[in-house]
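Hi everyone, thanks for coming. I'd like to walk you through one structure today, going from the whole chain down to a few single residues.

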Amino acid sequence: MGRSQAIGRGRDPRFGPEADDAGCTILHVDMDAFFAAVEVRRRPELRGKAVVVGGLGPRGVVSSASYEARRYGVRSAMPAMRARALCPHAIFLPPDFTEYAAASAAVMGIFRDVTPLVEPLSLDEAFLDVAGAQRLLGRPALIARDIRARIAEEQRLTCSVGVAPSKFVAKLGSTRAKPDGVIVVPAGQVLDFLHPLPVDALWGVGERAAETLHRLGLMTVGDLAAAPLRMLRSALGEASAAHLHELSWGRDPRRVVPEQAEKSIGAELTYDVDVTDPATIRRSLLALSEKVGARLRAGGHVGRTVSIKIRWADFRTVGRSRTTPTPTDVAREIFETSWALFEALGASEAIRLVGVRVEGLSAAAGASRQLTLGAPERGWREAEAATDAVAARFGRSIVGPASLLGQTDLRRTENHPHSTVVPLSDPPTPS
């Protein structure tokens, strides 16, 4: 059972937006069905329909599902084949992480307009500490309301917000508020909120731990809170018992830690059928390099080390890396290094997964770039910047390398009047 299912969907009036939020300076903002919502935003004809985003092949996994699809039992991390069986009329789409990263950056920008104390957990959720923003923006529940209104107006997306005295309780609150709602957990009612929840709601209680607790007759958080610590230690071990005991009493002293710089950016592809054809692997590495390059440029990063990941059909996994003379955010350079690393492997076995990653990141604004002797002043970097501009207007799927044209398993393909193909030989020289 997923944590969101464990917590349930009911909204108790004691914890509504007008509840006492004194001392509730931690917000957890969670975007609703984020990947699916971004797809619906750019394709309005999908509104109100069951939409599933994820791998489309037999080994694919659901990344996100609209609430219309969730009514049929479709959930994140579910095998795509199971999702198709549950909701055969759903519209299944491959993920477009460049688009989701851009939407995430816009949402995180809204958060940082409120407070510098923003701790992203993923593309679609973050903790905010609004203690210092109250004098200017009002009480925490009003700040939550204004954040939701800005996201709805500027991004045409919805989110759910938990307002609480601690990170743990705020995260539970946002889950309880879904979709498109706000839950305030007053400081004096934390235990009233926590103790009726199933033990599955606690961080650190996975399927196996839940079974152990259920065998002990501990079904709710309140049951666990009342259990002798000695019994918990015997069943779960010292560290887990102490951790869960503290959470069950609403004690979570962790502070909001502002986002730290990303250390690496990567992308992976799992084949539907194991692959031995070098041309197919080459196209895959090119497509992955395109994704990584776009994400680097969108985040204002460059990196010095390019690495590849190869997983064979028997699940053995190898990695190889190479540090480049100067930092880069250029997909063409990332691809050339990736392909050289792959060729050096001398691979002859069937491959299940390939991945490309760039590490050793720094800010692109301060990076120096050494031109190769005889290289034109303008080339792949400017060409890819131009494709970013086109993609920002028309979507990433309509512009890319010619060798990926028609490769629906590697890139999203759409019929579009402005479709453009960039050749794989020499780059066009921008005017």
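Predicted model: local features only at pLDDT ≥ 70, side-chain atom pairs only at ≥ 80, totals over all residues.

The protein chain has 16 helices and 14 strands. Of its 431 residues, 47% are buried. Its accessible surface is about 20,700 Å², and carbon and sulfur atoms account for 53% of that. If you take the contacts with a separation of 6 or more, 66% of them join residues 24 or more positions apart.

Now let's turn to helix 13, which runs over residues 238-248. Which of its residues are buried? They are Ala241, Leu244, His245, Leu247 and Ser248. These residues sit on the same side of helix 13, because they cover an arc of only 165° around the axis. There is a general point behind this kind of pattern. An α-helix has 3.6 residues a turn, so residues three or four places apart point the same way.

And what does the face turned away from the buried side carry? There we find Glu238 and Ala239, which are exposed.

Just after helix 13 comes Gly250, with a positive phi of about 75°.

My second packing example is a pair of helices. Two packed helices are described by the angle between their axes and the distance between the axes. For helix 2 (residues 34-42) and helix 5 (residues 97-114), the angle is about 95° and the axes are 10 Å apart. That angle makes helix 2 roughly perpendicular to helix 5.

Who meets whom in this pair? Helix 2 brings Phe34, Phe35, Val38, Glu39, Arg41 and Arg42, while helix 5 brings Phe97, Glu99, Tyr100, Ala103 and Ser104. Sorted by class, this contact has six nonpolar, one polar and four charged residues.

Is Phe92 buried or exposed? With the cut-off for buried set at under 20% relative accessible area, Phe92 counts as buried because its value is 12%. Leaving out residues up to four places away in sequence, Phe92 touches Val52, Leu56, Ala80, Ala83, Arg84 and Cys87.

Last stop, the backbone. Most residues other than glycine have a negative phi, and most peptide bonds are trans. With that in mind, have a look at the loop between helix 8 and strand 8 (182-184), where Pro179 is placed. The peptide bond from Lys178 to Pro179 is cis, with omega near -10°. Asp180 is found in this loop too. Its phi is near 60°, a positive value in a residue other than glycine. Asp180 is partly exposed, with a relative accessible area of 39%.

Where is Phe315? It lies in the loop between strand 10 (301-312) and strand 11 (317-328). Phe315 is not a glycine either, and its phi is positive, near 80°.

That's my tour, and I'm happy to take questions.

Terms used
Residues numbered from 1 in each chain as written. Heavy atoms only, no water. Buried < 20%, exposed > 50% of the residue type's maximum accessible area, 1.4 Å probe, protein only. Helix = DSSP H or I, 4+ residues; strand = E, 2+ residues; numbered from the N terminus. Arc of directions from axis to C-beta. Axes fitted to C-alpha atoms, helices over the stretch in contact; angles between N-to-C directions. Parallel < 35°, antiparallel > 145°, perpendicular 65-115°, else oblique. Contact = heavy atoms within 4.5 Å. Nonpolar A, V, L, I, M, F, W, Y, C, P; charged D, E, K, R; others polar. Areas by Shrake-Rupley, 256 points an atom, 1.4 Å probe, with all protein chains shown as cover.
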